[in-house]
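Work through the following exercises with the coordinates open, and try each task before reading its solution.

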Amino acid sequence: MVLKEEGELMVKPKWTRVLWKKQPFPDNYVGDSFLRVSKKRKELSLFEACYGALSVTQEICSCLGLVVLFFGISEGHLNSKNVLAVTAGVGVAGYLITRTKLTASVWFDLKVVCFCVILIACASPIIKSLTGSVATDSINASTTFLLLLRLAVHDYGTEVAIVNPTVSHNVGLFASVCLASRLENDLDVFTLMTVAVALFTLLPSFRRYHQNQLGKWWHMASTVVVVVLTALGIVSFAPHLLLLFLIALFVCNLFVPVMYISLQGYKQNIYGPWDEAQIEDR
């Protein structure tokens, strides 16, 4: 900007967005560069939206897998000892894959495992008789609500207000307690609770490792494997849940991503220097 004063041309200083510098502008002056530092919403492609839904799909499979296991054990189709052996083998394999410094943490991890096993074993007789006076319909409704709540507040890797890993973990185990209280012997209760701890505590960590360390394609492949195993379990032990599973897969992996892509153009959030300062981890 050029000003004329007493026959001479004066170049007006450029406005800068600082408070410590005295400038020849009014207090409410806003320069042209004020909005240039702003950033708008991030546009996602359909592939990115579908990829983000894979973690939700795996968590749905974990919740339904627990229910399928309950039906398999309660109806006598699955042997608890075999389920424990498979769970232990998969857990050890996952531990060896994710741990890079076994010598520094193996003793501590072994003590944690022993403590959890002893705690579940001691609590199994109590859990078995915990809901003896509660109607089966109430147990089924409570389990459904708790598993849906877990899906809603689980940490899928996004920073939103509804995410609460502690609540997600606790309601998942509480749903497991509700199901285990309907089993007939202590070994069955111990088996179901052990698998629940593996599904709701260990598997999310293993999933994050896959997603962060092994890349997108490995995460997609592991999701396909989990979906296939869950589908086989549902067909074998709980065929009445197959329609619900297919609807959940359709809504999570196709309907919601397509709706998000079609509606994201209407979101007009603009972020700029008027917002609160945020510290970004680098």
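The model is predicted, so local features need pLDDT of at least 70 and side-chain atom pairs count only at pLDDT 80 or more, while totals for chains, interfaces and linings use all residues. Residues are numbered from 1 along each chain as its sequence is written, and side-chain values use heavy atoms, with hydrogens and water left out.

**Exercise 1. The chain as a whole**

Determine how many helices and strands the protein chain has, and in which order the elements run.

Solution. Begin with the assignment, in which helices (H or I, at least four residues) and strands (E, at least two) are DSSP runs numbered from the N terminus. The count comes to 9 helices and 4 strands, and from the N terminus on the order is β-β-β-α-α-α-α-α-α-α-α-α-β. Next comes burial, where buried means under 20% relative accessible area, exposed over 50% and partly exposed in between, with a 1.4 Å probe and protein chains only. Of the 282 residues in the protein chain, 30% are buried. Finally, with contact meaning heavy atoms within 4.5 Å, residues 24 or more positions apart account for 70% of the contacts with a separation of 6 or more.

**Exercise 2. Helix packing**

Solution. Two packed helices are described by the angle between their axes and the distance between the axes.

**Exercise 3. Aromatic rings**

Find the aromatic pairs in the whole structure and classify each of them.

Solution. Rings of Phe, Tyr and Trp (its six-membered ring) pair if their centres lie within 6.5 Å, and planes under 30 degrees apart count as stacked, over 60 as edge-to-face and the rest as tilted. The search finds 2 aromatic pairs. One joins F47 and Y51, which are stacked at 6.4 Å centre to centre with 20 degrees between the planes. These residues are 4 apart in helix α1 (residues 46-52), and therefore about one helical turn separates them. F47 is partly exposed at 42% relative accessibility, while Y51 is buried at 12%. The other pair, F70 and F71, is edge-to-face, at 5.6 Å centre to centre and 65 degrees between the planes; F70 is buried, with a relative accessible area of 11%.

Then look for a charge over a ring, which requires NZ of Lys or CZ of Arg within 6 Å of the ring centre and within 35 degrees of the ring normal. K216 lies over the face of Y51, at 5.4 Å from the ring centre.

**Exercise 4. Two residues in their surroundings**

Is S176 buried or exposed, and which residues is E43 in contact with, leaving aside neighbours within four places in sequence?

Solution. S176 is found in helix α6 (residues 165-180) and is buried, with a relative accessible area of 0%. Not counting residues up to four places away in sequence, S176 touches L66, L192, M193, A196 and F200.

E43 sits in the loop between β3 (39-40) and α1 and is partly exposed, at 45%. With the stated neighbours left aside, E43 is in contact with E48 and Q264. The C-alpha atoms of E43 and G265 are separated by 8.2 Å, although these residues are 222 apart along the chain.
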